[in-house]
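Keep the structure open beside you as you read.

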Amino acid sequence: MTPAARVQSAIDVLDVVIASARREGASADRVAAEWLKTRRFIGSKDRRAIRDLVWQAIRTCGEVPVSGRAAMLRLAADDPVLAALFDGSTYGPAVASGGEPVASAGVAPAWLERQLLASGVDALAGAAMLGRAPLDLRANTLKTSRDALAALFPVAAERTQAPNGLRLLGGTPAETWPEFEAGLFEVQDTGSQLACAALAVQPGESVVDLCAGGGGKTLALAAAMENRGRLLACDIDRARLSRLPQRAARAGALAETRLLDPGRETEALADWQGVADAVLVDAPCSGTGTWRRGPEARWRLTPQALQRYARTQAAVLRLGSALVRPGGRLTFVVCSLLDAEGSDVVNAFMAEVPGWRAAAQDVGAGTPRGLGLRVSPWDDGTDGFFFATLERL
């Protein structure tokens, strides 16, 4: 393909990505993969170049662009080489005219930028939220140690702030390595590992992972518990929870699973009321802390959706708190940098539910935010997470 044809192909992919974001459809990753799958004639080098252009444009545009061409023209406005490829050549983009739409640059849509600023995220920090993420791994201490694992890798790995964390360059195909198949490690962002560490589970305890999803944090908890005690992983999403048993078997981790019926969670967890030593509440959220991996997600979020997330977070925090025994603890986690679904939710819970206190947290990273800690791309090199550990009196 000519360079101009690559630009036009990126524009075509962006058109589909933008349309999907507007209707809350498939992710940009999936859209791009499907688009390229139907065009087998495109070579591997061209595919990489097209994807790079698409993701550069997504990261650059704050508001949802009106079209893929408008998004690419935004990139071209700061890149003379790219601008010259709008030359009207065969298979290339038409020559740019002075009056056509050009997308606006920014961290996020204007309403969301205001929310971020109110949450202590300025433009410089916001830019870090849109950078490229590394590949973080957690050594599975049920089978190996961090140092022993790193020695097996074909490439150099850097230690992270998490007790068992290792970092590789983004894009490293670690999940194709025999060490992954053998269950020696899991792919898990360092921020997620630190959130698990905040709960400080111990061998022999009774622990609940209330919103377990596919079980990444469950496996981290099982390793910290050394497979001693009782660990229950719950979720309302059958498809996601169904992936956990296979992952647990590969990791050699012991965990029960329980599918919850929405609206009847308390009934389903009647046998756990007031008996858990520790509960992890990894609440559903906007995912603003994970924009490095899915930057088009900021085009999908709406003020109404943010309000719904906050209501859900308050509900699952209350649900999880009822499972904790006196003297036990709970860690509330969101992969978000917005106070509306982080510290504000915890503050409201503490004001409304007596018999709790905020616990001191020291996980080797993070900045105090309200009653908890926030880890971030700009301060800690992690995805963005807020977590707060509360103790029941």
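## Spaces and helix packing

Ser 336, Leu 337, Leu 338, Asp 339, Gly 342, Ser 343, Arg 369, Arg 374 and Phe 386 line the largest cavity. The model is predicted, so local features need pLDDT of at least 70 and side-chain atom pairs count only at pLDDT 80 or more, while totals for chains, interfaces and linings use all residues. Residues are numbered from 1 along each chain as its sequence is written, and side-chain values use heavy atoms, with hydrogens and water left out.

What counts as a space here? On a 1 Å grid over the protein atoms alone, a cavity is a set of points where a 1.4 Å probe fits but cannot get out; a pocket is an open set with protein on both sides within 12 Å along at least five of seven lines; and lining residues have an atom within 4 Å of a point. A volume is the space filled by probe spheres set on the points, which are joined across faces, edges and corners.

The structure has one cavity of 30 Å³ or more, and the largest cavity holds about 30 Å³ of space. Its lining is made of three nonpolar, three polar and three charged residues. In this sorting, Ala, Val, Leu, Ile, Met, Phe, Trp, Tyr, Cys and Pro are nonpolar, Asp, Glu, Lys and Arg are charged, and the others, Gly among them, are polar.

Of its 14 lining residues, Arg 59, Arg 132, Ala 133, Gly 170 and Gly 171 lie nearest the centre. Four of the lining residues are nonpolar, two polar and eight charged. Which helix gives the most to this lining? Helix α3 (residues 44–60) does, with five residues. Helices (H or I, at least four residues) are DSSP runs, numbered from the N terminus.

Now for the packing. Two packed helices are described by the angle between their axes and the distance between the axes. The axes are lines fitted to C-alpha atoms over the stretch in contact, and angles run from 0 to 180 degrees between N-to-C directions.

| Helix pair | Angle | Axis distance |
|---|---|---|
| α1 (residues 3–22) and α3 | about 55 degrees | 9 Å |
| α15 (residues 303–321) and α16 (residues 343–352) | about 50 degrees | 10 Å |
| α3 and α4 (residues 68–76) | about 85 degrees | 9 Å |

The angle makes α1 oblique to α3, and α15 is likewise oblique to α16, whereas α3 is roughly perpendicular to α4. Angles under 35 degrees count as roughly parallel, over 145 as roughly antiparallel, 65 to 115 as roughly perpendicular and the rest as oblique.

Contact (heavy atoms within 4.5 Å) shows which residues meet. On the α1 side of its contact with α3 you can find Arg 6, Val 7, Ser 9, Ala 10, Val 13, Leu 14 and Val 17. The residues of this contact divide into 11 nonpolar, one polar and three charged.

In the contact of α3 with α4, Leu 53, Gln 56, Ala 57 and Thr 60 in α3 meet Ala 71, Met 72, Arg 74 and Leu 75 in α4. By class, five are nonpolar, two polar and one charged.

Technical notes. Helix = DSSP H or I, 4+ residues; strand = E, 2+ residues; numbered from the N terminus.
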